[in-house]
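Hello,

Here is the structure for you to look through. Please read the notes below it once you have it open.

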Amino acid sequence: MTAPLLEVRDLHVRYPIRGGLWGGQVGEVKAVSGVSLSLNPGESLAVVGESGCGKSTLGNAILGLTRPTEGSVRFEGEALSASTTAERRALAAKMQVVWQDPVSALDPKMTVGQSLAEPLEAQGYLSAAAIRERVAELLSLVGLHPDHATRRPHEFSGGQRQRLVIGRALAAEPKLLVLDEPVSALDVSIRSQILNLLLDLQKRLGLAYLFISHDLSVVRHFADRVAVMYLGKIVESGPTQALFADPRHPYTQALLSAVPLPEAGARARRSRILLSGDLPSPANPPPGCVFSTRCPIAAEECRLSMPALHQGSKGTELACHLREPG
């Protein structure tokens, strides 16, 4: 059995809230609360949920951009929190990120070649000729021409800029890419091109993806597994096909009911589930099950304790007092 590339165990990220006369801590924002997950080499795991559910904070904590309050992140069996500075730099080369907005991810003062060469120069052992060769290779890898290296970011379209961002992330030959809404800022006509590029790169390079998204129609065709996040917690997870075919958690069912269906007959058979109220504040989460204030089937026991994730027969996991996983 293949050892996981990434292991996250009981991860918490809390931010202090300061106020009062002396600016002391008066509370805390519970952005991520007890999340555990694993990711195998070459696998795609999507983390989905509404804005404010904590999925981007989770990605930042995995990358080391946000310090976890509790819990552990292990990459290839090595604990990131226990690493020395040199070890963390070596691990950072194996974990890279592709952000949502390609415009802000590229320095407008640098040529494309300079941007792609920057992470290679940071390694400190490649010659200038080797760096130029690698930059040309990266441009070809993401579907652009090596001659584009002399241009600046404003000379490219949005889809081309995202290709450049992906190429820059691949410069140090990482094993894991954290994709934080990588196509949501692009035109609909360009999204499929970038997603197909990512899938092609995954096959060619054996990459693992942590795909952060709110677009379940994209996730359905991109990810191997899905973890549904609500108010800092994972409430349901499992293989993509199994979860989409038989969602068990009321929150997952509501999310999937909003996904557009191409067939008129399917749209007619499925009714939209509208949740009442807004996502509660992570500074003041409800007691018990975090979804209880919006859940259409919540009972008294749901307001007393948060259920733990328990596994079903189809490889899915569910955190719900009133339902069993598939």
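**Helix packing, then the sheet**

Helix 4 (residues 112-123) packs against helix 6 (residues 158-169) with the axes 8 Å apart and at an angle of about 25 degrees. Axes are lines fitted to C-alpha atoms, for helices over the stretch in contact, and angles run from 0 to 180 degrees between N-to-C directions. Helices (H or I, at least four residues) and strands (E, at least two) are DSSP runs, numbered from the N terminus. The two helices, helix 4 and helix 6, are therefore roughly parallel to each other (angles under 35 degrees count as such).

This is a predicted model, in which local features need pLDDT of at least 70 and side-chain atom pairs count only at pLDDT 80 or more, while totals for chains, interfaces and linings use all residues. Residues are numbered from 1 along each chain as its sequence is written, and side-chain values use heavy atoms, with hydrogens and water left out.

In the contact (heavy atoms within 4.5 Å), Val112, Ser115, Leu116, Glu118 and Pro119 of helix 4 meet Leu164, Gly167 and Arg168 of helix 6.

There is also an open sheet of 4 strands, in the order 2-1-4-5 with antiparallel pairing. Strands pair if DSSP finds at least two bridges between them. Strand 2 (24-39) and strand 5 (78-79) are at the edges, each with a single partner strand, so one side of each has no neighbour in the sheet. Helix 1 packs on the sheet and touches strand 1, strand 2 and strand 4.

Thr57 lies in helix 1 (residues 55-63). Thr57 counts as buried because its relative accessibility is 17% (the cut-off is under 20% relative accessible area, with a 1.4 Å probe and protein chains only).

Regards

Key
Buried means under 20% relative accessible area, exposed over 50%, partly exposed in between (1.4 Å probe, protein chains only). Angles under 35 degrees count as roughly parallel, over 145 as roughly antiparallel, 65 to 115 as roughly perpendicular and the rest as oblique.
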